[in-house]
Amino acid sequence: GLNDRVKAYQDEPRNALNDISAYNKSGAQMSYSGALMENVQSLGAAGQLGYGASWHQFNREARSWTTAGGKPRMDMVQLTYHHSMAPFLSDETLEMELRIHRRQMEIFWTTTPPVSRGYFPTETCFTTRMIPVLKRVGIEWTVVANSHLARACADFPLVIGSGGENCDLPNRADQLNPPQGTENYQRISIERGCGPTQVMPFGFQLHYARHVDPVTGEESKVLLVPSDQALGWRDGYGTWNLDLMNALAARNNPNKPALALFAHDGDNAWSGGYSYYREWVKNFTQQASGRGYEPITIEQFIADHPADPNDIVHIEDGGWVNADGDFGSPIFINWHWPPSYPSGGLNVVDPSIGV
């Protein structure tokens, strides 16, 4: 019933995109769980808490708007129906979660344009073990946290504690990506209690990840779309100085350009409010365009700058740094902590139970 959420779940995203319609490749990606659609539909049908029967029409309308290249300006990406943590699910459960979410999107957003080829993992939690399932349901690209690309580079400059990695240390077995040059790494401390490490431009470029079935040898690939952890946090909690992108701009490769993607909760913190949707989106877009950056959707970027199918990288397991106490842990510690149980007056640690 909070006004910010009443607006975020109905018309405010559509209004924000309308405010930047002069930028002909601009747009956004939004994930909206099937369970949330179910709840809002129920409230809208009853006319409760500020929701109406036409709650879904605003996103449906914005989906019909297209960029200069004919891509949806509001790309309603795929998600698990119940906001389920995909790396923890069996293949069968994950596939069903995605299929019923897709059907729910077809009901409320229609099939014109077709359901998105993109996927936003809940809490950005990703593992390459998911790739075969994603491909089976027609997903071609997935958002990932770029810190897990940086941590998988051979020359990752480790800093421990709140000024750097405040979680498990990178496993050397994961550090399979080529060295990027220590001068190309940057840390920006955030209020969550860590300093996410970016690698430029590698961690802002499109790459493929693959999974090879250990029994059959069958290969599955999916396109990785990195979201920046530090700037995503900044964009979710207030206005910020675009000078933070100067180092990336200086390292941009025109032949393989960088994409600065800021993923965050659109209904929590500052990003849920009027000031985000109706003021900051417009002001940020104006500032970015004025500096020579091109506002663009993921699908339009993929069309303009196709990724090399042979550019296959390794990505460490893990989610985004936003989760309290997790900070991007490769074992997703926030979602199964503490791994212990009481016994005989003692607390017995047993990671296998993950309660």
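## A loop residue to start with

E123 lies in the loop between β3 and α6 (131-136). Helices (H or I, at least four residues) and strands (E, at least two) are DSSP runs, numbered from the N terminus. E123 has a positive phi of about 55°, although it is not a glycine. A second residue of this kind is H83, in the loop between β2 and α5, where phi is near 60°, again positive in a residue other than glycine. With a relative accessibility of 40%, H83 counts as partly exposed; buried means under 20% relative accessible area, exposed over 50%, and partly exposed in between (1.4 Å probe, protein chains only).

A word on what you are looking at: this is a predicted model, in which local features need pLDDT of at least 70, side-chain atom pairs count only at pLDDT 80 or more, and totals for chains, interfaces and linings use all residues. Residues are numbered from 1 along each chain as its sequence is written, and side-chain values use heavy atoms, with hydrogens and water left out.

## Two cis prolines

P113 sits in the loop between α5 and β3 (118-119), and a cis peptide bond with omega of about 0° joins T112 to P113.

P201 belongs to the loop between β6 (197-199) and β7 (207-212). The bond leading from M200 to P201 is cis, with omega near 0°.

## Helices α2 and α10

Now to the helix pairs. Helix α2 (residues 12-19) packs with helix α10 (residues 274-290) at an angle of about 15°, and their axes are 9 Å apart. Axes are lines fitted to C-alpha atoms, for helices over the stretch in contact, and angles run from 0 to 180 degrees between N-to-C directions. The two helices are therefore roughly parallel to each other; angles under 35 degrees count as roughly parallel, over 145 as roughly antiparallel, 65 to 115 as roughly perpendicular and the rest as oblique. The crossing of α2 and α10 is right-handed, a label used when the near helix is turned clockwise from the far one by less than a right angle, with left-handed for anticlockwise.

On the α2 side, E12, P13, N15, A16 and D19 make the contact, and on the α10 side it is Y274, Y277, R278, V281 and K282. Contact means heavy atoms within 4.5 Å. By class, the residues of this contact are 5 nonpolar, 1 polar and 4 charged. Here Ala, Val, Leu, Ile, Met, Phe, Trp, Tyr, Cys and Pro count as nonpolar, Asp, Glu, Lys and Arg as charged, and the others, Gly among them, as polar.

## Helix α5 and its partners

Helix α3 (residues 34-46) meets helix α5 (residues 91-109) at an angle of about 40°, with 9 Å between the axes. That is why α3 and α5 are oblique to each other, and their crossing is left-handed. The residues that touch are G34, M37, E38 and Q41 of α3 with H101, Q104, M105, F108 and W109 of α5. They divide into 4 nonpolar, 4 polar and 1 charged.

At 0% relative accessibility, H101 counts as buried. Beyond its neighbours within four places in sequence, H101 is in contact with Y32, S33, G34, M37, V77, Q78, L79, T80 and Y81.

## Helix α4, seen from one side

α4 and α5 pack at an angle of about 90°, with axes 9 Å apart, which makes α4 roughly perpendicular to α5. In this pair, N59, R60 and R63 of α4 meet I107, F108 and W109 of α5. The contact has 3 nonpolar, 1 polar and 2 charged residues.

Which residues of helix α4 (residues 57-64) are buried? They are N59, A62 and R63. These residues cover an arc of only 105° around the axis, so they are on the same side of α4; the arc is that of the directions from the helix axis to the C-beta atoms. An α-helix has 3.6 residues a turn, so residues three or four places apart point the same way. The buried residues of α4 pack against α2, β1 (28-30), β2 (74-76) and α5.

## A buried methionine in a loop

M245 is placed in the loop between α8 (229-237) and α9 (246-251). Its relative accessibility is 5%, so M245 counts as buried. Leaving aside neighbours within four places in sequence, M245 is in contact with L231, W240, A260, F262 and Y293. Of these, L231 is 14 residues from M245 in sequence and 8.7 Å away in space, C-alpha to C-alpha.
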